[in-house]
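I set out to look up aromatic rings and their surroundings. My entries follow.

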Amino acid sequence: MKTAFTKVDITPYLPVQLSGFGKLQVAYEVHDRLYARIFLFEQAESELLLVQLDLAIFDEYLLNVIADYCKVAKERLIVCSTHTHSGPGGTIDTYEGLLVGLDSDIGGCLNPEYCHRIASDIGAATARLRTATAPCSLRIYKGKVEGLGTNRHDPQMECDQDAFVLELITAKQKALITRMSSHATVLHEENLLVSADFPGCIEPHFTDEYEMVAFINGSAGDMSPRFTRKECSFAECERLGKLAADQLKEMMKQEVVTYTDFTMDYRQAVFKVPAKKVDSVEVAREKVEIAKQNLAEGIKKNLPPTEIRLLESYVEGAGNALLSCEAFRKFSEIEVNVSALILPELTIVFTPVEMFSMLSNQLKPYGLEFISYTNGFKGYMPDESAYAKNYYEVLSTPYACGSGELLMRNIKSWLIDSSK
């Protein structure tokens, strides 16, 4: 196996609409730079390109232009976003497909110039990497990172505290790819500065030894720092970034195998799951008003910040449902593209959804670790209990109750049962 890696700056021009919260946010300043971290793997006559973006979400539009500029087949491309809610909008196609209608708040209007600028810079960097690949060694560390995120409805509920680190070593370079699960929402919707949120605060703790650290987000659909953050500030992003980095360093003190001659297998599949029956515009609008009234009453009662944030999230969820109800009405089923990277002692499953950890935890006993926000964005994927409890993610998901469980069965059949 040969590899080369680098990063490029993808900080947007200003002003820019931010992405992630159900509220119009326009940033006129940058707090910290945003990056694309690029890994090129060469094995025999084939290559695999992995790109991590400091963005909230992106869809097929950006994925396609990255593939074009990098001159790589989409079947050999993995693009992940960290899901920072203080990153720029404009990276989803709000004119066609599943995400129509989300331009006013969540995703921002499609910005082709920004998408092409990102892709062009990644493409130029990839061309340079093709002349610089070198034999590499791999170490895989597994453990937990606690205190970063919990279930964002109830901190006592089961969630996904697992983490792993891939250490890539060549004669001249060293880099890390690390996976944890949590919404990158330390910063609140009132923040109007471009930022990578807490994932951007992990890498500086490793710069003495590593060229870069790429954070890829796990099953964060039901996880966030809502109950772990002490405040919504950049100082808190730094605290949680250091908390994560310290635990990763402890994890890397383990004695593990160094793979000097390893291979990786990359597979892709598409699974169809049922779409939900959406409300009429009138009913969706009524739910927005109810959510707003509940929020106003909560503020009036001076409820704790965590409860206020939950009520705010219901407003966002109801608003998303209203914006997207006409688009979702067109679908009776939805195709979910899934990929799997099979390493010596780890299989990483990539999905374009905001996977609930309650779902992916079911497949952990089989050695599968899940990554969300990859090769597109297709909304929340809740588990059945979330529908029963009417969590706000259920308001804005395009999927019918039980779709997540069906997807897990399909993935198990594809990766586990078929290999027996």
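I looked up Trp414 and noted 18% relative accessibility, so Trp414 counts as buried (buried is under 20% relative accessible area, exposed over 50%, partly exposed in between, with a 1.4 Å probe and protein chains only). The model is predicted, with local features needing pLDDT of at least 70 and side-chain atom pairs counted only at pLDDT 80 or more, while totals for chains, interfaces and linings use all residues. Residues are numbered from 1 along each chain as its sequence is written, and side-chain values use heavy atoms, leaving out hydrogens and water.

I then searched the whole structure for aromatic pairs and found four. Rings of Phe, Tyr and Trp (its six-membered ring) pair if their centres lie within 6.5 Å; planes under 30 degrees apart are stacked, over 60 edge-to-face, the rest tilted.

One of the pairs is Phe206 with Tyr210: the centres are 6.3 Å apart and the planes at 65 degrees, so this pair is edge-to-face. Phe206 counts as buried because its relative accessibility is 4%; Tyr210, at 8%, is also buried.

I next recorded Phe271 with Trp414, an edge-to-face pair with 5.8 Å from centre to centre and 70 degrees between the planes. Phe271 lies in strand β17 (residues 265–274) and Trp414 in helix α9 (residues 403–415), so I noted a link between distant parts of the chain, 143 residues apart (helices, H or I, of at least four residues and strands, E, of at least two are DSSP runs numbered from the N terminus). Phe271 has 12% relative accessibility and counts as buried.

Lastly, I checked for charges over rings (NZ of Lys or CZ of Arg within 6 Å of the ring centre and within 35 degrees of the ring normal). The charged end of Lys249 sits over the ring of Phe206, 5.3 Å from its centre.
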